[in-house]
Amino acid sequence: MSVRSFHSVYMAGTVAAAALGCYLVSLRVASERAALEGVETRIVQTQSDIRMLQTEIGTRGRLDQLEQWNASALSLSAPAANQFVEDSFQLAKLAAPDHHLEVKAPVIMASAPAPATQPVLGNDQSDQTAVTTSQDSPQQLVHEASLKIEPRETPEVEAIVSPAAARNKPAPKPLVSKPAQPKSKPEPAAAAAAKAAPKKTPRLSIASAHTETKSVKLAEADPLAPLPYGKAHAAHSQQFRDSDRRK
Amino acid sequence: MNAPTAALVAPRPERLRLVGQRRQILSMMHQRLMLGMLLYAGIVAIIALRLVYLAAFGVHAGEQGGVPALIPDRGDIIDRDGEPLARTINAWSIAIHPDKVIGDKLTLAGKLAQVMPERSEADYFAMLKSGKPFVYLQRRASPDLVQAVNAIGEPGIEIQREPVRLYPQTTLAAHVIGFTNIDGHGAYGIERAFDNQLSDPARRGAPVQLSISMKVQQALEHELSDAMTHFSAIGAAGVVMDVHTGEVLAMTSLPAMNPNAPGQVTPDQMFNRATQGVYELGSTFKPFTLAMAMDSGIVRSFGQMYPCPKELPAYGHTVHDTEPYGRPCSVAEIMKNSSNIGMAQIADQIGAARQQAWLKKMGFLSPVAIELKERGRPLTPRTWGPFETMTVGFGQGIAVAPLQLAMGYATLFDGGVYHPPTILKIGPNHPLPPGRRVFTADTSYRMRSLLRLVVTMGTGRKADAPGYRVGGKTGTAQKVINGRYSQSVNITSFAGVFPMDDPRYVMVMMLDSPKAMPETFGFTTAAWNIGPAFGRTVSRIAPMLGVEPDMNREPDMSEVLPYVQGAQQTTKKD
C-alpha cells in the first residue's frame with residue numbers, strides 16, 4: 001500500500017538519478033575534451049615557440065655571418081677538383097702505404113744457402129732435410145718453396161704451380177728455401193715432428209718448415225703491392241702470393 | 001443547544017450577493033494564480049531547458065574557442081631546400097597614449113630619452129605635451145628595451161605584440177624576395193608578385209617555395225661582391241640557372257639592400273640589375289648569332305672561312321677588332337678570339353628579318369618572362385638596317401637583362417629548347433611547362449665544343465674552373481654615357497655553362513664599370529675582371545649542385561680544334 005503510494009516518488013528519483021548520471025557522463029566528456037584542447041593548444045604554442053627559436057638561430061647563423069666567420073677565423077675554402085675521389089678504390093689507394101723494397105729479407109735469404117748445408121751438427125733436423133732436398137734438383141726445390149703443410153693440399157696443385165716458377169728462374173729457389181732455417185730454429189716442436197717422420201713423408205715435413213718461415217716473412221711484404229721489378233723478384237713474389245692464397 | 005431558527009439560517013440577500021461576489025473573486029484569483037504559476041513554471045522550464053542545452057552542447061568554462069592552427073599572419077617564403085627566407089614573427093612594439101599619461105611628463109620624457117636615445121628629452125616632452133591619442137615609440141623593439149620601458153611603470157605606455165616580416169638571411173637574395181610595406185603587403189619582389197597568395201588565409205599556411213638555393217646564392221653574392229669591391233665597380237649582377245628546367249637557382253644584384261629595413265634602401269640599391277637593368281652585353285651575344293647562322297644553313301662547319309681584315313668598312317661605318325687577325329679565319333677562330341669583323345659578316349648573311357625572327361623566338365624582344373614584376377624591357381635598334389644587323393650580331397645596339405642572357409644560354413644548351421625562366425621550384429605544385437624548340441639539337445650539341453674552346457684557348461681562359469669543364473663567352477661592352485659610347489667605361493660580363501660535356505647549369509655574371517687594376521695590366525675587359533671571379537664561383541657552387549669534377553672529361557673537341565690555326569696560347573682580350 002505504502003509502496004504503491006511512493007511509486008511516483010521512486011520513479012521521479014530514478015529519473016533524476018538517470019538524468020544526473022547522463023549529465024555526469026556529459027560533464028566528463030566535456031572536461032576530457034577541454035583537456036585535449038588544452039594539450040592541442042600547448043602543442044601549437046610549442047610549435048610556435050620552436051618556430052621562433054628556429055628563426056632566431058637561423059638569423060644569428062645566417063650564411064652571411066658564417067661567411068664572415070669563415071673569412072676571419074676558419075679560412076675554409078671550396079675543395080679543389082683533385083680533392084674528389086671517384087670510387088672506393090681511389091680512396092683506398094690514398095691510404096695504401098708507400099711500397100718500398102724489403103732490404104732485410106733478401107739479405108737473409110742470400111746468405112742462407114751456405115750456412116744451411118753446414119749446420120748438420122745443429123739440433124734442427126727440419127733445416128737439415130730442407131737443405132738436402134734443396135740440393136736434389138731445381139724442380140724439387142720449387143716444390144718445397146710452394147708447399148703447404150695443410151693436409152688438404154694435394155700434390156697435383158703443387159705440381160702445377162711449381163713448374164711455372166721453375167721455368168722462370170731456377171736460381172731463386174735456394175733463396176726461398178733459406179729463410180726456413182732461421183725461423184724453424186725457435187720451434188723445437190715442429191722440428192721434432194719433422195724428425196719423427198722425415199722418411200715417411202719427407203716433402204710434407206719440409207713443407208711445414210717452409211710454410212712457417214714464409215708466413216712470418218709475408219707479414220712484412222705488401223701483398224697488394226705491384227710486382228717487383230726483375231724476373232727474380234717476380235718469381236719470388238709469385239711464390240709469396242701462392243702461399244698467401246693457400247693460407 | 002438551540003435549534004437554529006429559519007430566520008437566522010436564511011441568508012440575507014446582501015449576504016447572498018456577497019457570497020456570489022466572493023466566489024467570483026476567488027475563481028478569478030485562482031485563474032490569476034494559475035496564470036502566474038504557469039508563467040513561473042514556464043520561466044523555470046525555459047531556464048532548465050537552457051541549462052540542459054548548455055550542459056549538453058554549450059561552451060564550458062575554460063574552452064578556448066577552437067584550437068588555433070599554426071597559420072602565420074603572412075605565408076612563409078622558403079628556398080628550394082626548405083630554408084626560410086621570409087617569415088612573419090610577433091615582435092614587440094612600444095607605443096604611448098600622451099593624453100592618458102598620469103605621471104610627471106618631464107620626468108617621463110627624461111626616462112624615455114634614457115632608454116631610447118634616438119630622440120632627445122625635449123622631443124619626448126614635446127610629444128607628451130602634444131595631447132595626441134597614440135604615438136609609436138618603437139616598433140620591432142628588442143626584449144631588453146621592452147623590459148626597460150615596462151620598468152618605467154607609466155600606465156600611458158602601451159606595450160603590444162604585432163606581426164612583423166623578418167628576413168633571416170638579411171641581404172641574401174633580397175632583390176628576389178623583396179619586402180613588404182608598413183601595412184604588411186608586398187611592395188617588391190616575390191612579396192609583391194605573390195602578395196595575394198601570401199596573405200590569403202586559405203593559402204598562406206603553405207609556404208611559397210622558390211627555386212633559389214640559399215647556398216648557391218650566398219656563394220654567387222660573395223664572389224660577385226668581392227669582384228665588385230676589388231675592381232671598384234658601381235654595380236654587379238649574377239644569375240645561375242638550371243639549363244633543363246629554367247629554374248633560377250640564384251639571382252643577385254649589387255649593391256645589396258636590406259629588406260629588414262626597407263625604409264633605408266636607396267633607389268640605386270633597389271634597382272634589380274639582373275631583371276630590371278638592360279645592358280648591351282657585347283660578345284656574349286655572339287654564340288646566338290652563330291647558332292642562328294648554323295640553323296639557317298649559312299655556317300655548315302666550324303672550318304668555314306671568312307676574310308678577317310684589320311678593319312671592315314660596312315654600310316658607311318667601320319667595324320673594328322681589338323686584336324684583328326688580318327688574314328682569313330675560320331668560324332672557330334672568330335669565336336675563339338671574339339672577332340667582331342668575322343661575326344658581323346655572318347650576321348650580315350643572316351639578314352635583319354631572320355635575325356629579328358630568331359630573337360623573337362628566343363624571347364629577346366619582350367620583357368623577360370619571370371614571375372617578378374620588376375622587369376626591364378629590352379632595347380633594340382629603332383631602325384633595324386643592315387648595319388644594325390651586324391652590330392646586333394656581335395652584341396651591340398641591343399640591350400637585354402642579364403637574366404635574359406642566361407635564359408638564352410639555357411635555351412642554346414638545353415638541346416635548343418626554350419623553357420621560360422621561373423623563380424618557383426619545379427615540382428608537384430609547379431610542374432615544368434612544356435618547352436619550345438628554338439635551335440636544333442645538332443646545333444646545340446656542336447656549340448658545346450666551340451664555347452669550351454673559348455675557355456681552353458680563347459678569351460675566357462681565366463674563367464676556367466679545373467675539372468668542371470666550363471664553357472662560355474666573355475663580353476665587354478662600352479657603356480653609353482651621355483648618349484655616346486665611352487672608350488674607357490665598360491660593362492663586362494661572362495656567360496658560361498658547366499659541365500660542358502653535358503650542360504646542366506648556366507651562369508651569367510656582370511660587372512658595371514670596373515676599374516683597371518695593376519694585375520689586369522690596365523685592361524678593363526671581361527677576361528681580366530669578371531673571368532677569374534666566374535671561375536672561382538664555379539669551383540665553389542659546382543660541388544653543391546652535384547657536378548662531379550673530372551680532369552679527364554671534355555666535350556668532343558675534334559669538332560673545332562682542326563680549324564684553329566696553331567694551338568699557341570695567346571692572351572686575348574675580349
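This is a predicted model: local features need pLDDT of at least 70, side-chain atom pairs count only at pLDDT 80 or more; totals for chains, interfaces and linings use all residues.
Next I checked chain B as a whole. Its mean pLDDT is 86, and 94% of its residues get to 70 or more. I also noted residues 568-574 of chain B, where pLDDT stays under 50. The model has 22 contacts beyond four places in sequence for that stretch. For the model scores, I wrote down ipTM 0.73 and pTM 0.70.

Then I looked at the fold. Chain B has 18 helices and 18 strands. Of its 574 residues, 45% count as buried. Among contacts in chain B with a separation of 6 or more, 71% come from residues 24 or more positions apart.

On to the core. The largest nonpolar core holds 133 residues, and B:Val239, B:Val240, B:Met241, B:Ala406 and B:Val506 have the most contacts inside it. Helix H16 (residues 402-413) of chain B gives the most to this core: eight residues. I picked out B:Met241 and, skipping neighbours within four places in sequence, found contacts that include B:Ala406, B:Ala410, B:Tyr505 and B:Val506.

Last, I looked at where the chains meet. Chain B puts in 31 residues and chain A 23 residues. On the chain B side, helix H2 (13-57), strand E2 (84-96), helix H9 (214-230) and helix H18 (530-544) each supply at least two residues. Sorted by class, that side has 17 nonpolar, ten polar and four charged residues.

How values were computed: Residues are numbered from 1 along each chain as its sequence is written. Chains are lettered from A and ligands numbered from 1 in the order in which they are written. A nonpolar core is a set of buried Ala, Val, Leu, Ile, Met, Phe, Trp, Tyr and Cys residues joined through C-beta atoms within 7 Å. A residue is buried if 20 or more other C-beta atoms lie within 10 Å of its own, exposed if 12 or fewer, and partly exposed in between; C-beta atoms are placed from the backbone. Helices (H or I, at least four residues) and strands (E, at least two) are DSSP runs, numbered from the N terminus. Two residues are in contact if their C-beta atoms, placed from the backbone, lie within 7 Å. Ala, Val, Leu, Ile, Met, Phe, Trp, Tyr, Cys and Pro count as nonpolar, Asp, Glu, Lys and Arg as charged, and the others, Gly among them, as polar. pLDDT is the predictor's confidence in each residue, from 0 to 100.
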